[in-house]
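I opened the model today to look at its helices. My notes follow.

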Amino acid sequence: MANNVNQATEKPMTADRGLRSSAKSQPKGNFFKAVSAVVWKDLQAEFRSRELFSAMLVFSLLIILIFNFALELDIKTRQSVTAGVLWATFAFAGTLGLNRSMAIEKDRGCLDGLLLAPVDRSAIYFGKVISNLVFMLIVEIIVLPIYSVLYNINLFQPGLLLVILLGSIGYVAVGTLLAAMSVQTRTRDILLPILLFPVVIPVLLAAVKASEGFLTGADFPEILLPINLLIAYDIIFTAVAFMVFDNVVEE
Amino acid sequence: MQAKPVTLKVLDIVSIVLLGVSAYLALVFAPTELVMGDVQRVFYFHIGTAWTALLGFILAAVFSIVYLIKKDLKWDRLQVAAIEVSLVFFFITIVLGSIWARPAWNTWWTWDPRLTTAAVTELIYIAYFMLRQGIDDPDRRARFGAVYALVGGISAPITFFAIRLFRTIHPVVIGGSNAEAEGSFAMTADMRVAFFFALFAFTVLFIDLFWNRIRLGDLQEKVEQLKLKVTM
């Protein structure tokens, strides 16, 4: 609690310093400073409590366990469904993390503190996106070897890791925007997946297709198409979210 | 109480008449398709509702951009009206398509790009109304609604192209042909009459419903304001 208050008051000070240093370089330097301050605050809070991270990780392992029973993951099915199981796991675990990361801002009045800071609102958005992305990637990095051991498939291929990175960026870019909205509604906890899943279907679709391509050793041109789609989605939705985020946090 | 504008009253009647004529053209006047038989007649209304629903969704995306720039609640009411009418029209499109698909494709549903995108689009706009329901403050409701309608409106076409990475069996009647499509056909002159009339009739019907819904939104707004006045 004390830590949060401290963080909220710290931000205007960093912003002030930026203002004083020079008027011209102020927007740029200030912006990156603000983004990294938000990221740092989230990471530090998380490394102290480890609530969000442990919940996401245990939840992902449970989902893989459920898929094991639901799909009877024998050697033959494993080949065709691994990409789908992985992405379904990441998507479900991701909503958990996104919801929590925005809910703690709202509950402890942290969001108001952040909004009071004299920095561009989009700095808060990018800060949140980066910290959410870090959490998601850490979970994924732990889930991958566990899945590899459990099902005897080598998932550590550079191509697959690239797909996971691109897919997670798109997922988190939209997810952070929608989570910022859903925590401000009456039905906050149940609303995020309902809002998020229909709009991230392109990401999941392209990511599953590209991951499957890498896992089955398909030709590169075939994999390039979904990867291009992922890149396009990431760029479009990061840009859109960047432009509309002001409207979501405005009081 | 504000009286209903005369133009709107006339439009109500005109759209009912047009719908009747269109039904006659589709069900009686147009020749029976040789391969599929009478079930093909569903097509006239299927395209009519699909076109107007898409028109409404595109309008809604435009209204949301305008709202986010101007911050005038009038645009929010236009947006809700467009999405609500389109949601119903699109649902009718899906149901009619299913009725046609059962004999033509031998299944009610397949995970084809258009069908999947239609289902996802319906879910996006249902989520839109769930989001709005959870917010009490009208300004915030309008802002969040506009943001979500914009995100959804961009995502839906991307979903369509994403699924197009797989092949499609949905027939393309206008503009280009698809060799793998099942159930496509060439239109005769009489069919074309019924087809374009259905498009026209549904467009008029859409405008009429849209207008009525906007009027309803305005009246709701007025009621809210009167309630506030009474409590103060």
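What covers the buried residues of α4(B)? I found that the cover includes α7 (158–182) and α8 (188–216) of chain A, together with α3 and α5 (138–163) of chain B. Contact here puts two C-beta atoms, placed from the backbone, within 7 Å. Helices are DSSP runs of H or I, at least four residues, numbered from the N terminus.

The model is predicted: local features need pLDDT of at least 70, side-chain atom pairs count only at pLDDT 80 or more, and totals for chains, interfaces and linings use all residues. Residues are numbered from 1 along each chain as its sequence is written, with chains lettered from A and ligands numbered from 1 in the order written.

Next I checked α4(B) itself. Its buried residues include B:T117, B:V120, B:I124 and B:L131. Buried means 20 or more other C-beta atoms within 10 Å of the residue's own, with C-beta atoms placed from the backbone. The 21 residues of α4(B) (113–133) should span 30 Å at 1.5 Å a residue, and the end C-alpha atoms are 30 Å apart, which agrees. The expected span is 1.5 Å times one less than the number of residues.

I then looked at α3(B). Its 33 residues (73–105) should span 48 Å, and the end C-alpha atoms are 45 Å apart, which agrees. B:N106 follows α3(B), with a positive phi near 70°.

Last, I picked B:A194. Leaving aside neighbours within four places in sequence, B:A194 is in contact with B:L25, B:A26, B:F29, B:A30 and B:Y44.

Notes: Helix = DSSP H or I, 4+ residues; strand = E, 2+ residues; numbered from the N terminus. Buried ≥ 20, exposed ≤ 12 C-beta atoms within 10 Å, placed from the backbone.
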